[in-house]
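Please find my notes on this model below, as numbered points. They follow the order in which I looked at the structure.

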Amino acid sequence: MAGRSVVVGVGHYLPERIVPNSEFEKTLDTSDEWIRSRSGIERRHFAADGETTSDLATNAAEAALADAGLKAEDIDAIVLATSTADLTFPSAATMVQARLGMTHGFAFDVQAVCAGFVFALCNANALIVSGQAKRVLVIGAETFSRIMDWTDRSTCVLFGDGAGALVLELQDGEGTSQDRGILATDLNSDGRYKDLLYVDGGVSTQSTGHLRMQGNQVFRHAVEKLAKTAETALGRAGLSSGDVDWIVPHQANIRIIQGTAKKMGLPMENVVVTVQDHGNTSAASIPLALSVGKQRGQIKAGDLIVTEAIGGGLAWGAVVLRW
């Protein structure tokens, strides 16, 4: 027998305000057609004034707990992936912990930008298989609208706000690739590429800053690195791309999603795509897509899923799991 981290609940939350591409035409030299053709994005959600990352995360967490049929007292730990926490400290995860009424266990944030949820899943899985926790709430939540430069048409049209969450639970497996739960992971980073995607501010510079990106360079690295990390994770599970039912990728850009699927030898019919409705929600995009994919009836029990992401750092990775 082998202990596995099994998904027993999933949920998401999106702010009420929907921002179509046409809204940017009022202030920028851009158009709906220009944005769609380059990114696949049609609309995104922006948080309301006073609505914070921990607010979004709490709503997603409550949805995931309801889907699992569990309460906060059933959870041992919270791992929250975000690059846009409410405060410098304490962590957004502890804020969610308090909002849920969870007075035991522990909670912490993980920061790996768009790859954050993959890193959070790996950390949560390690906590479970090492015996540190039996149930972990894993959340991705972002308010990227707060760090946009609204004069930069190459970046500000790409991002949105939102949150998604999973509940992972320790269950017994046979130790084979047919087990439910997380089967293999792969994490990577290379700080030499910091200048390709970063925010030009922070605590030690006493400024919030804005997101800066070299889009063409990020694209070049993304397709190659995402396909390779997915292949590595599948290999560790004793599987190949032919075994995959669904790729649930980080929803950054439809061209990156298409390029990665092609490099993995899988058709777009096997890819869960939500980028058109949400834009790039950074660490929130994968759990959001998993939740929407389940709601659509795409993702079903027993399906083999590969989820992969790349973000600033550069940091990238993949998780192979059976739903």
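1. The charged end of Lys-194 sits over the ring of Tyr-198, 5.8 Å from the ring centre. Lys-225 lies over the face of Trp-316, at 5.2 Å from the ring centre. A charge counts as over a ring if NZ of Lys or CZ of Arg is within 6 Å of the ring centre and within 35 degrees of the ring normal.

2. On the source: this is a predicted model, in which local features need pLDDT of at least 70 and side-chain atom pairs count only at pLDDT 80 or more, while totals for chains, interfaces and linings use all residues. Residues are numbered from 1 along each chain as its sequence is written, and side-chain values use heavy atoms, with hydrogens and water left out.

3. There are 4 aromatic pairs in the structure. The Phe-24 and Trp-150 rings count as stacked because their centres are 6.5 Å apart and their planes are at 25°. (Rings of Phe, Tyr and Trp, the last by its six-membered ring, pair if their centres lie within 6.5 Å; planes under 30 degrees apart are stacked, over 60 edge-to-face, the rest tilted.) This pair links distant parts of the chain, 126 residues apart: Phe-24 is in the loop between strand E2 (17-20) and helix H1 (32-39), and Trp-150 is in the loop between strand E6 (135-143) and strand E7 (161-173). Helices (H or I, at least four residues) and strands (E, at least two) are DSSP runs, numbered from the N terminus.

4. Phe-24 is buried, at 6% relative accessible area, whereas Trp-150 is partly exposed, at 37%. Buried means under 20% relative accessible area, exposed over 50%, and partly exposed in between (1.4 Å probe, protein chains only). Ring pairs join Phe-24, Phe-46 and Trp-150 into a cluster.

5. Phe-144 is in the loop between E6 and E7 and is buried, with 2% relative accessibility. Phe-144 and Phe-46 are 98 residues apart in sequence, yet 8.5 Å apart in space, C-alpha to C-alpha. Leaving aside residues up to four places away in sequence, Phe-144 touches residues including Ser-83, Val-113, Phe-159 and Leu-211; contact means heavy atoms within 4.5 Å.

6. An open sheet of mixed pairing is formed by 5 strands in the order E1-E7-E6-E4-E5. Its edge strands, E1 (2-13) and E5, each pair on one side only. E6 and E7 run antiparallel and are joined by 9 bridges; two strands pair if DSSP finds at least two bridges between them.

7. In helix H3 (residues 92-99), the buried residues include Ala-92, Met-95 and Val-96. Gly-101 follows H3 and has a positive phi, near 80°.
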